[in-house]
Amino acid sequence: MKRAHRTHRFARPGALIPRRCARVALVAVVSLGALAGARAATAQAPSHSRSPSPEDSAQAIHLLNRATFGARPADIAAVLSEGRIAWLERQLQPDRIQDTAVTAIERRYPYTSVTPQELYRVLEPADGSKGPSPQTVLIQLASARLVRSAASERQLEQMMTDFWFNHFNVFFQKGADRYLVADYERSAIRPHVFGRFEDMLRATARHPAMLFYLDNWRSVHVDSGARRPLAQAQPKRMAAGLNENYARELMELHTLGVDGGYTQRDVVDVARAFTGWSFGPLNAKARSDDAGEFVFRAQLHDRGAKEVLGKELASGRGMEDGDDVLRLLAAHPATAHHIATKLVEYFVSDTPDPALADRLAAVFTKTGGDLRLVTRALFTDSAFYRAEHRRNKVKTPFHLVASTLRMTDAQFVDGRGAMQVLRAMGHVPYMSSDPTGYPATSEDWVNSGAMLARMNYGIDLASGKIAGIRPRSPESREAASATANLDGLTRALLPGVNTDALKRAVIADASSSANVALAPRQRAARAVGLVIGSPEFQRH
Amino acid sequence: MNGINRRAFVRNGSLALLALGIPPAFLRTPLLAETAGRAAARKKTLICIFQRGAVDGLSMVVPHGEAAYYASRRSIAVRRPGGAGGAIDLDGFFGLHPSLRPLHDLYGRKEMSIIHAVGSPSATRSHFDAQDYMESGTPDAKSTRDGWLNRVLTNTSCCGRTLADGSAHAADHAVGQITVGGVAALRGIALGAELPRSLRGAHPALAIADLQKFGVGGGGDSALEETFQRVYRTETNDAVEGAAGDAFEAIRILKAANPLQYAPAAGVSYPGSAFGRSLRQIAQLIKSGVGVEVAFADVGGWDTHQAQGGAEGQLARRLDDLARGIRALYDDLGDRMEDVVLITMSEFGRTVRENGSGGTDHGHANCMMVMGGGVSGGRILGDWPGLEPEQLYDGRDLALTTDFRDVFAEVSSRHLGTADLAKVFPGYKVDTKRFRGFMG
């Protein structure tokens, strides 16, 4: 499969070239409104003719810090121009936002859009020749995720994809999941991030990536007499029987939460309810219509009566056992509370405000788990905007890398260097082996080695030392007065932050005896690196 | 040799301080005084070698007294001792793979013991799950967030104190109140780009890919480092600034101690492999007296599903690298090995029977080697379950008779002095009666 050698250029933030700022802002406004009417209204009737109040600006920046992978000057201008609510409403309808960046990504990283069986045939050629390595696939998928997070106009959808993928985590490296993960994100996660929770839950429950990852495909009725389920890549000599892995994580992680009030007996009966939920094998020898598709194998299903959370499931039934369990769990109050608390932890604070979580849980319950309405409630709640919640989250390594790509003018040529950076920081997309997914709180990401890695990342990125990422080379004219442009740089990368001390340190660095002889371009790169490596840039 | 090197450090260390213009605050920390007087309160170090990919323990330490071993392995068995390419006999029943010859006289000097049929009780045969379980120290519990070595650091007294609270202790270190030549982050060091799961957690720990380049901007740009230090002295001063401060402290200590000045001892030559480089740097860190208590290095290439080989071949070459590296470190550290224990581990063993490709597949129990001046050596420990078909786990693998946590618990309590083993191995009842006794 050929790789297109095109590069992706991120919108310039106007960091060192203020003149470009205006153009970027215009482009952003034009492409944001897919409907002609909306575009006209946005372009012609800005809601403010006067400059916004400091509090308006601060709230716009806070919204962008949490709902996007980086508040660029143009983004802030857009939110201030149309208002936070209007901006949010548009982000909640991503299908109506034109997104040329994403179309380009799908062309550039074809492994993100092929079916599992196509991917299987690419990796395991039928003629026995050696296909590309799984690593090649992983780099494509992770690069696509990174570029999409940085460049997509549908920013809130990207944030939500990060959140929900982690919530329903699967692991690329576990056996057949390397063929399945791309389709999983595309068909089970993304379409549902603003849909009904129960639909996403069901899509994940039926998806081969999850069925394989949490072993449900080989969970069979103990007395069914089946030696082992029919599916590809099965470990040798694995005893056939009930496997509780999916049932346990379904309740502990996906729905009720660890204190959600279920018992070991519930785990067993939920596992029994899902016996027979499997998928068609991908390997060429057993090619069939159901390859890589959900299959219910009635003969492996436990047809006995079950009791889940006090509700009886009558004997003699089939797939409806699992469907009923999903319905029951999706509608359970503990699920609403668990999801609400996780959303608050991810988007508001490492120590979630219980009152805010309760309000979101109420919206979840009242709307039957309508995630668009729950998300809207989150970003419109006054508690979200409280001063103590602003810039109190530490970016995850993935967020750090995505935000630097978004906010600086780097060209993403390929994913080699970015993967190394993410691997060193322990945050390669699709590579969390743990069903909990990657953590969202700072205690898991902040330690002495990690902080050094972040500082070095800033310096390496700005000085062009990361393979596959080209920093913008500042024209010498601007670079010559890098410190004069420092105001512009810090405003662009750290909007709304008091950066006086940071700027003083950068200026002192530039004028230190070791650095006075640096070429203007190097001095400018160093300034960018220091800002990216600063503690201020680690927060959002 | 021990004393000579220490004096050399004090002298060179002082010079380094003057030459680098270390800030006055650093001189107030008792690094030099403590280091000079360290003979009385010497720091113990544990070196963990993780053989990632599941080494074939039945080739490392060969049960040459088992007929079933030879019946199951037609092409890859290591021959009985005596002839060319035969195992090196240890006790008439077990023998070392010929590539492990560099380690043989450590066994003879009673400084090395072997625990056989040891491993994780988890039934998983997934590398990822099994490594995760061994490193978290909690088999079959996926929700454990920190690693066992990190919990060892938190629950092992440092500087004469018992640590109830890792972060309070880290704060003590960060302000330089307590130090035996080091900061909290230098207590746990991994050689490599990433901090391994074993060392992740609340206690500071550092991954060092290359001592030469350790620091900010590749280590050679002190202006950049100073600027970043200034940038991280903010009024917010929470976890982000605290962790960075700890890193800067580690950089300063390392710069002053300058571990790179320690060339290998006369006659010692490390393999040129990545593993050899890791071990050489671990030796340099230990010699420089920066207070490393846990050092961790990976060595890979053990997943021998095909063409594993016997006395020669793929696995033999990996074992050669392993043994020559460990022996170089052992000789390089010399008398310092009195305070050092080195232990090897791997996520699970491999099938007793060789497969159709001249290799072995994922199995169950395995063997570990443990060595050092304080080790009660020259013994093969554990109960041998046998290799007859009915003695195998799942009918195919070496059965387990020692839980790896009992080995980890013994080495951390008896060597490092870890106080609270229940906190290191949550959910496991550590019982000293199950200790195999390699620490005496």
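**The largest nonpolar core**

A: The largest nonpolar core has 269 residues, of which A:Val270, A:Leu360, A:Val531, B:Cys48, B:Ile282 and B:Val370 touch the most other members. Such a core is a set of buried Ala, Val, Leu, Ile, Met, Phe, Trp, Tyr and Cys residues joined through C-beta atoms within 7 Å; a residue is buried if 20 or more other C-beta atoms lie within 10 Å of its own, with C-beta atoms placed from the backbone. Helix α11 (residues 239-257) of chain B gives the most to this core, eleven residues; helices are DSSP runs of H or I with at least four residues, strands runs of E with at least two, numbered from the N terminus. This is a predicted model, in which local features need pLDDT of at least 70 and side-chain atom pairs count only at pLDDT 80 or more, while totals for chains, interfaces and linings use all residues. Residues are numbered from 1 along each chain as its sequence is written, and chains are lettered from A and ligands numbered from 1 in the order in which they are written.

Not counting residues up to four places away in sequence, A:Leu360 touches A:Ala340, A:Leu343, A:Val344, A:Val374, A:Ala377 and A:Leu378; contact requires C-beta atoms, placed from the backbone, within 7 Å.

Between the chains, the contact takes 35 residues from chain A and 34 residues from chain B. On the side of chain A that touches chain B, α21(A) supplies the largest share, seven residues.

In chain B, three strands form an open antiparallel sheet in the order β2-β4-β3, where pairing requires at least two DSSP bridges. β2 (61-62) and β3 (88-89) of chain B stand at the edges, each with a single partner strand, so one side of each lacks a neighbour in the sheet. B:Val62 stands opposite B:Gly95 in β4(B).

How values were computed: Two residues are in contact if their C-beta atoms, placed from the backbone, lie within 7 Å. A residue is buried if 20 or more other C-beta atoms lie within 10 Å of its own, exposed if 12 or fewer, and partly exposed in between; C-beta atoms are placed from the backbone.
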